[in-house]
Amino acid sequence: SFNRPVEGTPPTSLSTVGTAVSYQVTQFTVGAGGSYTFAMTGAFDTYLFLYSGAFNPAAPLINAITGNDDFGSTLNSSFSTNLAT
C-alpha cells in the first residue's frame, strides 16, 4: 500500500484520506507519439495515475505526470495526455 497523490497535472500533494491504499502497476510503452486517453471503472472508489519512468510507492510524487480520482463518479477515473515514443 502507499499514500496516494491528490489528482492533478502534475500531482503536487499527497492525500490525507488515501494514506494506505492498494495499487497495481502496469508498465507499457507506446509505438507512436500522440494523445492517449486512460480510463478505469471499478466496483470501488478508483484513482488513476501516470508516471514517467520508475514508480516508487515510498515517494509517490516523484515522476508523477498526471492523475485523476472520481471522473464523473467515485467508480470512474480518466485522463488524456500526450505521450512520446
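Student: Which element gives the most residues to the lining of the largest pocket?

Tutor: Rolling a probe the size of a water molecule over the atoms shows where empty space is left. In this predicted model, strand β2 gives the most to the lining of the largest pocket, with five residues.

Student: How much space lies in the largest pocket, and which residues are closest to its centre?

Tutor: The largest pocket holds about 920 Å³ of space. Its lining has 29 residues, and Q24, V25, T26, F49 and L50 are the closest to the centre. The elements that give two or more residues to this lining are β1 (34-41), β2 (47-51) and β4 (76-83).

Student: How do the residues of that lining divide into nonpolar, polar and charged?

Tutor: There are 20 nonpolar residues, eight polar ones and one charged residue in the lining of the largest pocket.

Student: Now the chain as a whole. How many helices and strands does the protein chain have?

Tutor: The protein chain has zero helices and four strands. Read from the N terminus on, its elements run β-β-β-β.

Student: What does the radius of gyration say about the protein chain?

Tutor: A compact globule of 85 residues would have a radius of gyration near 12 Å, and the value of 13 Å for the protein chain agrees with that. Along the principal axes, the C-alpha atoms fill a box of roughly 35 × 30 × 20 Å.

Student: What share of the residues is buried, and what share of the contacts joins residues at least 24 apart?

Tutor: Of the 85 residues in the protein chain, 32% are buried. For contacts between residues at least 6 apart in sequence, 59% join residues at least 24 apart.

Student: How many salt bridges does a search of the whole structure find?

Tutor: The search finds one salt bridge. In it the side chains of D69 and R4 meet, at 3.2 Å from N to O. D69 belongs to strand β3 (residues 64-69) and R4 to the segment before β1, so the pair ties together parts that are 65 residues apart in sequence.

Student: Are D69 and R4 buried or exposed?

Tutor: Both D69 and R4 are buried.

Student: What should I look for in the backbone?

Tutor: Most residues other than glycine have a negative phi, and most peptide bonds are trans. Two places in this model can be read with that in mind. A cis peptide bond joins T9 and P10, with omega at about -5°. P10 lies in the segment before β1. The other place is N63, which has a positive phi of about 70° although it is not a glycine.

Student: Where is N63, and is N63 buried or partly exposed?

Tutor: N63 sits in the loop between β2 and β3. Its relative accessibility is 36%, so N63 counts as partly exposed.

Student: Is I62 buried or exposed?

Tutor: I62 is exposed, because its relative accessible area is 52%, and a residue counts as exposed over 50%. I62 is also in the loop between β2 and β3. Leaving aside neighbours within four places in sequence, I62 is in contact with Y51 and A54. The C-alpha atoms of I62 and S52, 10 residues apart along the chain, are separated by 9.0 Å.

Student: Is T66 buried or exposed?

Tutor: T66 has 4% relative accessibility and so counts as buried; the cut-off for buried is under 20%. T66 is placed in strand β3. With neighbours within four places left aside, T66 is in contact with G8, T9, P11, L48, F49, L50 and F79. T9, one of these contacts, is joined to P10 by the cis peptide bond. Between the C-alpha atoms of T66 and Y51, 15 residues apart along the chain, there are 7.4 Å.

Student: Is T46 buried or exposed?

Tutor: T46 is buried, with a relative accessible area of 1%. T46 lies in the loop between β1 and β2. The C-alpha atoms of T46 and S78 are separated by 9.6 Å, and these residues are 32 residues apart along the chain.

Student: Which residues does V21 touch?

Tutor: Not counting residues up to four places away in sequence, V21 touches S1, F2, R4 and Y47. V21 is found in the segment before β1. From V21 to S52 the distance is 21 Å, C-alpha to C-alpha, with the two residues 31 apart in sequence.

Key:
Residues are numbered from 1 along each chain as its sequence is written. This is a predicted model: local features need pLDDT of at least 70, side-chain atom pairs count only at pLDDT 80 or more; totals for chains, interfaces and linings use all residues. Side-chain values use heavy atoms; hydrogens and water are left out. On a 1 Å grid over the protein atoms alone, a cavity is a set of points where a 1.4 Å probe fits but cannot get out, and a pocket is an open set with protein on both sides within 12 Å along at least five of seven lines; lining residues have an atom within 4 Å of a point. Grid points are joined across faces, edges and corners, and a volume is the space filled by probe spheres set on the points. Ala, Val, Leu, Ile, Met, Phe, Trp, Tyr, Cys and Pro count as nonpolar, Asp, Glu, Lys and Arg as charged, and the others, Gly among them, as polar. A salt bridge is a side-chain nitrogen of Lys or Arg within 4 Å of a carboxyl oxygen of Asp or Glu. Buried means under 20% relative accessible area, exposed over 50%, partly exposed in between (1.4 Å probe, protein chains only). The radius of gyration is taken over C-alpha atoms; the globule rule is 2.2 Å times the number of residues to the power 0.38. Contact means heavy atoms within 4.5 Å.
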